[in-house]
Amino acid sequence: DVSPVVAGLIGATVLVVSVSVTVFVWTCCHQQAEKKHKTPPYKFIHMLKGISIYPETLSNKKKINRIRRDKNGTPKETGRGNLLVDAAESGLIGSEKAPDGPNAAPHVDQLPIKVDYGDELSPDQSLTPGGSKTSSPSSPGDDVMLGELTFSVDYNFPKKALVVTIQEAHGLPVMDEHTQSSDPYIKMTILPDKRHRVKTRVLRKTLDPVFDETFTFYGIPYSQLQDLVLHFLVLSFDRFSRDDVIGEVMVPLAGVDPSTGKVQLTREILKRNIQKCISRGELQVSLSYQPVAQRMTVVVLKARHLPKMDITGLSADPYVKVNVYYGRKRIAKKKTHVKKCTLNPVFNESFIYDIPVDLLPDISIEFLVIDFDRTTKNEVVGRLILGAHSITAGGVEHWREVCENPRKPVAKWHSLSEY
């Protein structure tokens with residue numbers, strides 16, 4: 001026999017559980033229905049030989065066909081169906097990995113430096129240009145053939161979409177002396193806003209790569225095409241060093257009319273002129289060396305005029321990563337705090353490094369201004385290098401003043417470069 005009180009409690013419990021389960025199932029069904037009718041977040045579609053790599057209907061994972069390459073570097077489909085992999089596995093490889101997070105480490109780094117360093121550079125580290133197999137871009141007067149790039153431009157009027165197909169390149173220079181070849185890929189940006197930044201996969205060991213990749217950009221009115229410029233940056237991937245910049249191609253759409261159909265274009269690849277690159281903003285840093293204590297004090301002061309990096313184009317959440325190199329080996333890394341929603345951040349954060357006087361000629365300090373993003377990969381806004389591997393006249397002059405004026409803080413503004 002069960003008392004009425006116990007029976008009532010059991011009945012109430014069963015009722016509550018039944019109602020909860022019913023509400024949960026209804027909520028799940030409702031959310032599933034909403035997802036089917038929700039507008040996808042993708043702004044472009046990427047086609048690889050007719051295969052949609054970034055379809056609008058996919059979620060965060062990209063559905064692609066596994067690609068294998070023959071000896072000439074030409075991709076071939078295996079025909080074994082689709083495979084869920086991320087963008088890195090599909091060859092869309094960037095040269096900068098995301099940092100561990102926005103929280104800054106302690107502001108003082110006491111690092112005794114030794115001549116013999118055992119830690120070699122790993123692929124996920126940011127690298128100094130001194131680690132590149134080739135020197136920095138030479139002067140415009142040097143007559144060097146860098147090859148040609150073939151691509152096409154089309155416009156889809158019903159969808160208001162710009163369609164760019166990167167087809168192939170010919171006659172690229174040798175960037176890897178060991179294999180007498182290159183591992184080319186192409187980064188493409190639509191200027192002047194730089195909101196659409198895409199890249200092809202890497203093709204291994206070839207000087208005549210055939211990409212055949214199509215990028216479709218939506219939401220671009222035909223009336224605005226005359227104001228846009230296509231920027232193609234041709235690079236050679238390096239697993240253990242910074243990717244080598246082969247050259248660039250700039251194509252103003254003011255001279256291209258895709259209204260009557262696809263326009264086929266072939267342009268010569270030119271050397272990248274760092275001075276004419278669109279500004280990535282400026283960074284103010286201060287350096288001071290104490291010869292008695294043999295310490296270098298690095299102060300990240302502030303930045304200004306940073307480009308808008310968010311997909312909405314409204315703001316950025318910048319922080320600065322400081323890498324110290326001895327020759328080609330990174331010996332220290334630190335980062336500042338993240339400054340939320342600002343294009344003109346003020347950091348005022350200092351770092352101290354123990355550096356013997358006799359090692360100063362081989363020391364380089366790299367400043368990476370990075371836009372922090374919680375949902376996607378952090379993106380490098382700009383780069384500054386001071387020291388042995390500085391590639392700008394201002395950087396060389398700043399380092400010279402620091403070495404010639406011990407105990408005196410030397411602060412200067414520097415323009416950030418993209419690579």
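## Aromatic pairs

Four aromatic pairs occur in this predicted model. One of them joins Y155 and F157 in an edge-to-face arrangement, with 4.9 Å between the ring centres and 75 degrees between the planes. Y155 is buried, at 7% relative accessible area, whereas F157 is partly exposed, at 40%.

F157 also pairs with Y222: the planes meet at 40 degrees, so this pair is tilted, and the centres lie 5.0 Å apart. The two residues are 65 residues apart and the pair links distant parts of the chain. F157 belongs to the loop between β5 (148-156) and β6 (161-170), and Y222 to the loop between β9 (210-218) and β10 (229-236). Y222 is partly exposed, with a relative accessible area of 27%. Through these ring pairs, Y155, F157 and Y222 form a cluster.

## Charge over a ring

R304 places its charged end over the ring of W413, at 3.8 Å from the ring centre.

## Chain overview

The protein chain contains two helices and 20 strands. Of its 419 residues, 45% are buried. Among contacts with a separation of 6 or more, 67% are between residues 24 or more positions apart. The chain exposes about 22,200 Å², and carbon and sulfur atoms supply 54% of that area.

An unreviewed UniProt entry lists residues 6-29 as "transmembrane region". In the model this span is 100% helix and 0% strand, and its end C-alpha atoms lie 35 Å apart.

Technical notes:
Residues are numbered from 1 along each chain as its sequence is written. This is a predicted model: local features need pLDDT of at least 70, side-chain atom pairs count only at pLDDT 80 or more; totals for chains, interfaces and linings use all residues. Side-chain values use heavy atoms; hydrogens and water are left out. UniProt positions are given in the numbering used here, feature names are shortened, and annotations may be inferred rather than shown by experiment. Helices (H or I, at least four residues) and strands (E, at least two) are DSSP runs, numbered from the N terminus. Buried means under 20% relative accessible area, exposed over 50%, partly exposed in between (1.4 Å probe, protein chains only). Contact means heavy atoms within 4.5 Å. Accessible areas come from the Shrake-Rupley method with a 1.4 Å probe; for residues, only the protein chains shown count as cover. Rings of Phe, Tyr and Trp (its six-membered ring) pair if their centres lie within 6.5 Å; planes under 30 degrees apart count as stacked, over 60 as edge-to-face and the rest as tilted. A charge sits over a ring if NZ of Lys or CZ of Arg is within 6 Å of the ring centre and within 35 degrees of the ring normal.
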